[in-house]
2 protein chains.
Amino acid sequence: MKPLSRLTVALALMTSCAAASAAPPAGLTVAQVLERSPANDWRPLDPQNTLLMDLGAEGSRQVIIELAPRFAPQHAANIRTLAHEGYWDGLAINRVQDNYVTQWGDPNADHPDKAKPLGKALAKLPAEFSVPLKGLPLVRLPDADGWAAVSGFVDGMPVAADPKTGRAWLAHCYGVVGAGRDMAVDSSNGTELYTVIGQSPRGLDLNITVVGRVLQGMQHLAALPRGGAEMGFYGPDEQRTTIQRVRLLADVPEAERPSLEVLRTDSATWPALLDARRVRKEDWFVHSPRHIGLCNATVPVRPRAPRAVEAPGK
Amino acid sequence: MKPLSRLTVALALMTSCAAASAAPPAGLTVAQVLERSPANDWRPLDPQNTLLMDLGAEGSRQVIIELAPRFAPQHAANIRTLAHEGYWDGLAINRVQDNYVTQWGDPNADHPDKAKPLGKALAKLPAEFSVPLKGLPLVRLPDADGWAAVSGFVDGMPVAADPKTGRAWLAHCYGVVGAGRDMAVDSSNGTELYTVIGQSPRGLDLNITVVGRVLQGMQHLAALPRGGAEMGFYGPDEQRTTIQRVRLLADVPEAERPSLEVLRTDSATWPALLDARRVRKEDWFVHSPRHIGLCNATVPVRPRAPRAVEAPGK
């Protein structure tokens, strides 16, 4: 394990300037790496780039989505506007295709007379399929990806890149959120969104605008009944899950905001965690893969550690 | 596309002796490849290696599982015995962990006084984690896998292999079925089974016995409510989905057997289908991955084409 561990820590340090904490010792289990991670290796939710989607008539099932404005700035801005204006409130999950995607938005989007107005949001946006690789703070994953020459993480998002074209893009991993489009590449505007609920359909990469990823609550989108019509759309007689509301975290009163933190992929804990997944120290395992796939390298999210500010004696 | 197409067809022909049909022309969509596939490129269900699992109190949700006796002969034999004797009838789904596995069996397996008797099935089996690569009729996938040096398909099952060790094993792709075990490698006997419902957890490969794959009905296992206890197990207050019954297809009257056929991975249609997924001809796509992942290369299953034996004039 040690050569692999040293290599990946070295790579992470080379490609990241924010790795302030010391690398944890090698030979730990996944749980031990996380337990020993310093508080600074975690970051709080970003109010301007986090959506809270409450599902069901009572809104009791919450999905938390993080936007990726570095990769899709115009879609992220439009989605912020749509959430701020309550665009999705009362709309529905329209499609659940097994081992593929769950998709939501306006069931009447294709009927101009019935479609929900967009308010201040823009109806038309450019395609945002990729960004320049140069200058991207990519924490590289040294493991072979197959789908792309280069892969890694930026702001906790799975990224693939091609040095020959100089482009980088968000990879279609489980829980990644994209903006549905029709035939024209610039026909998405962020009103209709989908998330991956099965094996990563990486063939979609570079064909559609990816806008972020689900941080928590994926089970509320992945465990829904599959749609009976073509491509997993719900038929007219099938009951759709209602979206009670979608709010931008910045619009939610502080007291109501979920208290979560996300492991920083530019921390020293991150490569140590990947090593613990490549070479398993848990007793159950008798074989280690000595590899991790881009879409298996899920970035942990956890309840935020209470700050040590309690009055003594309580 | 042509160089890739020629290469993969050539590879398939080299590693397979059953490719009787001519290779379809290049430049087709996925749907066109399937439409033009000759009838001989499909095979019927094997009654001795197919399980029908009927879920829910009324058994209205059917899951069809194909066993892989070439990879796990003793587990497959035990599972046949268990199904023949009705072992799973009235048992339940016990665990659904998001982006990981759905697991079923006896909720009381750990309570000797309450556990369901195994009948003629064996309580103890050897671990069957891998088989010799030599002699395996592997239809190789030329695309890089990352997790293993060699990958491909045998009897429609996704396989990985290591020429250095000379071993091959079934890969943990979406819908693959394995036999749960405790700490000892030989603690599985096929009574407790699981299937993958998320991104392929290939780190499980070579750590556990894989016994087959789901051919149809995955949505009935993947869309179940996630369990609220540790590792996705259902807690005592959570409602479990009942298994009405599990039957070996050979024990089912002919008239009740589902009429399905599976694309032969040793046919000429198979590499043509992979090419159509690598280089997309559908109008919607503006970029082709020129790659396919082992776990994205799902093997098609479809209703069996009616045989042309109807009496004329009817």
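1. A residue is called buried when its relative accessible area is under 20%, exposed when over 50%, and partly exposed in between (1.4 Å probe, protein chains only). A:Glu128 is buried, because its relative accessible area is 9%.

2. This is a predicted model, in which local features need pLDDT of at least 70 and side-chain atom pairs count only at pLDDT 80 or more, while totals for chains, interfaces and linings use all residues. Residues are numbered from 1 along each chain as its sequence is written, chains are lettered from A and ligands numbered from 1 in the order in which they are written, and side-chain values use heavy atoms, with hydrogens and water left out.

3. A:Glu128 sits in the loop between strand E5 (101-105) and strand E6 (131-132) of chain A; helices (H or I, at least four residues) and strands (E, at least two) are DSSP runs numbered from the N terminus. Its contacts (heavy atoms within 4.5 Å) include A:Phe71, A:His75 and A:Val210, residues up to four places away in sequence not being counted. A:Ile208, 80 residues away in sequence, has its C-alpha 7.5 Å from that of A:Glu128.

4. Chain B holds an open sheet of 8 strands with antiparallel pairing, in the order E4-E5-E12-E11-E13-E3-E2-E14; pairing requires at least two DSSP bridges between two strands.

5. Within chain B, strands E5 (residues 101-105) and E12 (residues 193-196) pair in the antiparallel sense over 4 bridges. B:Thr102 stands opposite B:Thr195 in E12(B).

6. Helix H5 (residues 269-278) of chain B is mostly covered, with 10 of its 10 residues buried. Among them are B:Trp270, B:Asp275 and B:Arg278.
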